[in-house]
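Please work through the following exercises with the sequence and the three-dimensional structure at hand. Each task is followed by a solution in steps.

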Amino acid sequence: MAVRGKDGTDEDGLAHRARGRAPWPVLGAALLVYLLSAGRMLGVRRTGMDNAVVVRAARALLDGGSPYADKRFLYLPGAVFAALPQAPFSDRTLTRAVPFVTAALVLAGVVLALRIFDVRADSRLAAAVVAGLGLFLPFQAIVHLGNWTAASVVAYPAALLLALRGRWSAAGAVVGAAIALKPMLVPLLLLFVLARRWRALAWAVGLPVAVSVAAALAMPRPQLFLTKTLPFLLHGQDDYAAPYDASWTAVLPRLGVPHHLAFALGACAALAALWCARTRWRAGGDEALRLVECGALLMLAAFLVSRPSFVHYALVILPALVASVVVRGAAARQVWFWMPLVPQIAGIPWPELGGSRRHAFKDIVMFTGAAAVLALAALRRRTAGRVTVSGAAYSLSSDPEPRSPSETR
């Protein structure tokens, strides 16, 4: 059943209820679940260890050493200077603060993702997303690690929101700033290519290059990034990180597939996802939905083949995809979209997959399942087609906009 939205357009019952304001007790309960999930990480061993690596690199710079002497520091040079404000604080203080700062960044990303589809931050959908994240293993992982992917969790929906509002250059600058900290959003550069927004692409490429060069010139032995860090990254890090890597090139060999064949299969899957992203962009439709689904396919193409691909990477794209349920025809409205996410619910035991060194088998199902659902949705849009009736275009699916009775006679 369709109801009239705030902007005067018709929306179905699901969208209307999702957009509606949630009661304060519901919002409070959702936030409580979220905060308790973040707070429980205070008692977990080695909380904030990924952030600690970046802080250690910043302290090494202050002591006159090279941040890249530590093989665990894998970020671009700009991240060293971004971490300098944390250097004076004790490790104990950072361990207590990092989980909540990371959770706040993820929450900001959720709010921005909802705004892409004009959904209120106090809506029923917002309450469901926040409570769901509290029970979501990728969220618990990023809070536990204090990983700087959290910056991309904010930058990704912010860039899409700016692009939706026609501010493509600003979107490119946001993507570039995020890449300067951690090159997570590099696949999103292809979105500017598809949209033929060359000035935005220049911002997205030029900003991290300028920041990285300037930062490298200000630190000792920056060449270690090229001779030590980059080869370490290209080889998928080491045996410590391998069990947590959810890319095809890492998981398939654990199932007995030869490494070269696993890489070939992963590359084929990534190329298929890129082709579907191009197809989705050309299909048009609701502009917000097009940006979100195309951007997600571009990111998933990288997650399938690049090494490493960790579980918390999913938080970059999932909030915006979940927010898209308010749009008719969204891939997130299919039950198949949600099924690969079920294994990521905390507290559900999975035989043989409960250990931390085996959850990559669940993670690859999530990445591959999401990519498959989005790809099939893009292909359906491509093959839906349009026919002409009485000189006017008529969609084989439901009309995107209602027509007056005089137009249907």
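## Exercise 1: A pair of charged residues

Glu293 counts as buried, because its relative accessibility is 2% and buried means under 20% relative accessible area, exposed over 50%, and partly exposed in between (1.4 Å probe, protein chains only). The model is predicted: local features need pLDDT of at least 70, side-chain atom pairs count only at pLDDT 80 or more, and totals for chains, interfaces and linings use all residues. Residues are numbered from 1 along each chain as its sequence is written, and side-chain values use heavy atoms, with hydrogens and water left out.

**Task.** Determine which residue meets the side chain of Glu293 in a salt bridge.

**Solution.** 

Step 1. Recall the criterion: a salt bridge is a side-chain nitrogen of Lys or Arg within 4 Å of a carboxyl oxygen of Asp or Glu.

Step 2. The partner is Arg280, with 2.8 Å from N to O. The pair links distant parts of the chain, Glu293 in helix α15 and Arg280 in helix α14 (residues 259-283), 13 residues apart. Helices (H or I, at least four residues) and strands (E, at least two) are DSSP runs, numbered from the N terminus.

Step 3. Recall the general principle: side chains of opposite charge can pair when their charged atoms come close.

## Exercise 2: Other salt bridges

**Task.** State how many salt bridges the whole structure holds, and describe the one between Asp12 and Arg328.

**Solution.** 

Step 1. The search of the whole structure finds 10 salt bridges.

Step 2. In one of them, the side chains of Asp12 and Arg328 lie 4.0 Å apart, N to O. This pair links distant parts of the chain: Asp12 belongs to strand β2 (residues 10-12), while Arg328 is in the loop between α16 (318-323) and α17 (335-338), 316 residues apart.

Step 3. Compare the surroundings. Asp12 is buried, with a relative accessible area of 13%, whereas Arg328 is partly exposed at 41% relative accessibility.

Step 4. Consider another pair, Asp122 and Arg120, whose side chains meet in a salt bridge of 2.7 Å, N to O. Asp122 counts as buried at 15% relative accessibility, and Arg120 is partly exposed, with a relative accessible area of 27%.

## Exercise 3: Aromatic rings

**Task.** Find how many aromatic pairs the structure holds, and describe the geometry of the pair Tyr68 and Phe73.

**Solution.** 

Step 1. Apply the criterion: rings of Phe, Tyr and Trp (its six-membered ring) pair if their centres lie within 6.5 Å; planes under 30 degrees apart count as stacked, over 60 as edge-to-face and the rest as tilted.

Step 2. The structure holds 10 aromatic pairs. In the pair of Tyr68 and Phe73, the centres are 5.1 Å apart and the planes are at 45°, a tilted arrangement.

Step 3. Tyr68 is buried at 0% relative accessibility, and Phe73 is buried at 1%.

Step 4. Ring pairs join Tyr68 and Phe73 with Tyr75, Trp148 and Phe225 in a cluster.

Step 5. Follow Trp148 to Asn51: a polar contact of 2.9 Å joins their side chains. A polar contact is a pair of N or O atoms within 3.5 Å; within protein, one must be able to donate a hydrogen and the other to accept it, and residues adjacent in sequence count only if both atoms are side-chain atoms. Asn51 lies in helix α3 (residues 49-62) and is buried, with a relative accessible area of 5%.

## Exercise 4: The nonpolar core

**Task.** Identify which residues touch the most other members of the largest nonpolar core.

**Solution.** 

Step 1. A nonpolar core is a set of buried Ala, Val, Leu, Ile, Met, Phe, Trp, Tyr and Cys residues joined through side-chain atoms within 4.5 Å.

Step 2. The largest core has 119 residues, and Phe117, Phe139, Tyr156 and Leu185 touch the most other members. Helix α15 (residues 287-305) supplies the largest share of this core, 12 residues.

Step 3. Examine Phe139. Leaving aside neighbours within four places in sequence, its contacts (heavy atoms within 4.5 Å) include Tyr34, Ala103, Leu133 and Leu315.
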